[in-house]
Amino acid sequence: MNNSDQNYVKWFRNAAPYINAHRGKTVVLMFGGEAVTHANFSNIIHDISLLRSLGVKLVVVHGARPQIEDRMKQRGLAGKVVNNIRVTDAQTLVAVKDATGSLRLHIEALLSTGIVNSPMHGSQIRVSTGNFVIAKPMGVRHGIDYKFTGSVRRIDSDGINMQLDYGSIVLLSPIGYSPTGEVFNLALEDVATQTAIALQADKLIAFTEDEGLIDKSGQLIRSCSVRTVKTLLDDNDCHVRQLLLRSIIESSENGVERCHCVSYQSDSALLQELFTRDGAGTLIAKDHKELISTATIDDVAGILELIQPLEEEGVLVKRSRELLEMEIECFMVLKKEDVIIACAALYPYPEAETGEVACVVIDPDYRNGNRGERIINAVELSAKKKGLTSLFLLTTVSGHWFREQGFIETSLERLPEGKKQMYNFQRNSQVFIKNI
């Protein structure tokens, strides 16, 4: 087996936990008309097909803003936009129907491709479209009649779930229908958001021109909470970007556990984001009432109270208040209503590009759930920001749990020199390491 084959097998094995985690989950994908015209769109279609073959339930929502603009120019229509919202009169509505209908048929055709020697061969994907989006008119706002521009009134979640259970991909256009038989022009973001909420989707994935969400210094945000997304809102920023940010915020605050932003220009971003540890874009997690933060001097008493029982049992090495005060910035704490219910420490060894994870403790009353995983993930993120490439730890009783978190038992020789010299042979702790 050559190196290329070995790397493939290694990647495939590493992806297996993610494949299992996503099977049977409901994911809403959203992309604008710009993505459809990009040269990479065929790769996105292939990846959508792959996700479906892996058992992911998919709802695809497409936009059509540039296509609508083209149809309007062809018809000599100037169009009218007020407060960044298109006023859809009868003539504009004809252009909207033409653009969205043609685009929907184009996407359906791509999803139906089954050419031999192509990634779609043998996929036999069923695509379901229909009147799943019930709309209402925006009406008159600040004296402006928006006519056939509307907003989502309701999503037919039962109808969509029925198609998903049949194994179909549900394809939604930015068009809605009223009970009186009218057609309304909707925003892509509105349709995707309300669909994700109505289905209580496990993920909302947005394709953007950028790699993901970009902070105010121009750097890619790898992962963040909804609170961070709110800090990016700026009325002077691009209107479409603001719609995207508000879509993520509303979805997350109404039951969608994870949102992702990935680039439609990358031929690997979607799969890399879902099936690798580091991803490719931005992961936005729903805010928890239990917050993780770097510890401060005010947290010393709470940490001491939390770790004291394990120190008395000999599970942890005893720390004095003075030592903890000096090392407090190395600790992270998980708080519920200002009470510390979990903690962990990170001691960097920058010369070896590694760091020690220590003093991982969860209050016995809160050991159900994923609090341990959350605080370990926070420590890993902190380590990455410090430029570390691995983590190690010493434990006498919790080795099995750390294996579940991806740590691998190793020899004493793998420890950095500074830690190796301090090893306590009387405790005979197991050594674990994890690449990050």
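Reply: A close look

Val87 counts as buried, because its relative accessibility is 8%; buried means under 20% relative accessible area, exposed over 50%, and partly exposed in between (1.4 Å probe, protein chains only). This is a predicted model, so local features need pLDDT of at least 70 and side-chain atom pairs pLDDT 80 or more, while totals for chains, interfaces and linings use all residues. Numbering starts from 1 along each chain as its sequence is written, and side-chain values use heavy atoms, without hydrogens or water.

Where does Val87 sit? It lies in the loop that links strand E4 (85-86) to helix H5. Helices (H or I, at least four residues) and strands (E, at least two) are DSSP runs, numbered from the N terminus.

Which residues touch Val87, beyond its neighbours within four places in sequence? They are Lys80, Val82, Thr92, Ile144, Asp145, Tyr146, Lys147 and Thr149. Contact means heavy atoms within 4.5 Å. His38 is 49 residues from Val87 in sequence, and their C-alpha atoms are 27 Å apart.

Now follow the chain into H5, residues 90-111. Two packed helices are described by the angle and the distance between their axes. Helix H4 (residues 65-74) is one partner: the axes of H4 and H5 come within 8 Å and cross at roughly 130°. Axes are lines fitted to C-alpha atoms, for helices over the stretch in contact, with angles from 0 to 180 degrees between N-to-C directions. H4 and H5 are therefore oblique to each other; under 35 degrees is roughly parallel, over 145 roughly antiparallel, 65 to 115 roughly perpendicular, and the rest oblique. The crossing of H4 with H5 is right-handed: the near helix is turned clockwise from the far one by less than a right angle. H4 brings Gln67, Ile68, Arg71 and Met72 to the contact. H5 brings Thr92, Ala95, Val96, Asp98, Ala99, Ser102 and Leu103. Thr92 also touches Val87. The H4 and H5 contact holds six nonpolar, three polar and two charged residues. Ala, Val, Leu, Ile, Met, Phe, Trp, Tyr, Cys and Pro count as nonpolar, Asp, Glu, Lys and Arg as charged, and the others, Gly among them, as polar.

Helix H3 (residues 41-53) meets H5 too: their axes come within 10 Å and cross at roughly 60°. H3 and H5 are therefore oblique as well. H3 passes H5 in a right-handed crossing. Phe41, Ile45 and Ile48 of H3 meet Ile107, Leu110 and Leu111 of H5. This contact has six nonpolar residues, no polar and no charged.
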